[in-house]
Amino acid sequence: MSTDTTFTTAMVQMRTGLLPEPSLEQGTRLIREAVAQGADYVLTPEVSNMMQLNRKALFEHLASEEDDKSLKAYRALAAELKVHLHIGSLALRYSPEKAVNRSFLIGPEGNVLASYDKIHMFDIDLPGGESYRESANYQPGETAVISDLPWGRIGLTICYDVRFPALYRALAEAGASFLTVPSAFTRKTGEAHWHTLLRARAIETGCFVFAAAQAGLHENKRETFGHSLIVDPWGEIIAEGGGEPGVFLAEIDPAKVEAARRTIPSLQHGRRFGIADPKAGPEHLHLVRGSA
Ligand SMILES: O=C(O)CNC(=O)[C@H](CS)NC(=O)CCC(=O)C(=O)O
């Protein structure tokens, strides 16, 4: 239950298919379910609109931000339900050659409050042959994004970004209380790293972390990890999904941000070192005092 100071967040866990229309149907059904359960803020996963096998098929179905039917429909849905609706990301046309992986925070009037283009591209070869070249199809962003909700400031990131802690520190230093990591993690790397990475980002920043995930075996034969998480600023998991699509909610008390940071003021204690030049000796720093 939300009160004057608390609010209810929902992670919508999806199994996005090859095509935008059925994915929009799935997303809409789950978002309605989340709001029926009392959500004030709803987050969906990375690539909520489609997960495609290859470049040709992806580009056949891409629309620009101006023309995208999913974005239009989600803006209307946010206005209808009077809810903050955060679409973790949509694959959109950026140029004739490139797509963009873009997150949209939509306000309760259906207006786009903020959008963010995924900065870090998942160009990875996993042991066992699974291989990704996100940068072949997607134009990376280069700007971190924050926005103000009625309950505090929110920072926008996507999936593989979670492995770059300096981004989260920068968002926290810019005043964020809530960090968002909509994702489509692989099953293998999810099993190994997902909970640890998300809990670490929460603990390091004293922020809540909201991570809505793709889950299960998709039409494009990819398997994603699921386990959508809501983590509090002390690093405790307060809601968690499993391997199936669904809705996972938690009540958020923003006062917990201040409480965690009072106990462990590591945000204040940072920026204390450079790196000593090994040739010149420890009194000579060859990096300017760095970030974090
Ligand atoms: O391409 C699509 O259809 C949707 N996009 C994704 O699945 C993205 C880029 S390939 N996945 C990740 O970033 C996984 C990161 C990850 O798993 C890790 O950091 O371990």
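Residues are numbered from 1 along each chain as its sequence is written. Because the model is predicted, local features need pLDDT of at least 70 and side-chain atom pairs count only at pLDDT 80 or more, while totals for chains, interfaces and linings use all residues.

**Overall fold**

The protein chain contains seven helices and 18 strands, taken as DSSP runs numbered from the N terminus (helices H or I, at least four residues; strands E, at least two). Its radius of gyration is 19 Å, close to the 19 Å given by the globule rule for 292 residues, so the chain is as compact as a globular protein of that length. The radius is taken over C-alpha atoms, and the rule is 2.2 Å times the number of residues to the power 0.38. The C-alpha trace spans about 60 × 50 × 35 Å along its principal axes.

Of the 292 residues, 42% count as buried. A residue is buried if 20 or more other C-beta atoms lie within 10 Å of its own, exposed if 12 or fewer, and partly exposed in between, with C-beta atoms placed from the backbone.

The UniProt record (unreviewed entry) places "domain: CN hydrolase" at residues 7-254; such annotations may be inferred rather than shown by experiment. Over residues 7-254 the chain is 28% helix and 32% strand, and the end C-alpha atoms are 9 Å apart.

**Ligand shell and core**

The ligand is surrounded by 13 residues, the closest being Phe122, Cys159, Tyr160, Ala184 and Thr189; a residue counts as near if its C-beta atom, placed from the backbone, lies within 6 Å.

The largest nonpolar core has 72 residues, and those with the most contacts inside it are Val12, Val42 and Val209. Such a core is a set of buried Ala, Val, Leu, Ile, Met, Phe, Trp, Tyr and Cys residues joined through C-beta atoms within 7 Å.

**Two residues**

Contacts are residue pairs whose C-beta atoms, placed from the backbone, lie within 7 Å.

Not counting residues up to four places away in sequence, Ala211 touches Met11, Val181, Ser183, Leu198, Ser228 and Leu229. With the same exclusion of residues up to four places away in sequence, Pro165 touches Arg201 and Glu204. The C-alpha atoms of Pro165 and Ile124 are separated by 18 Å.

Technical notes
Two residues are in contact if their C-beta atoms, placed from the backbone, lie within 7 Å.
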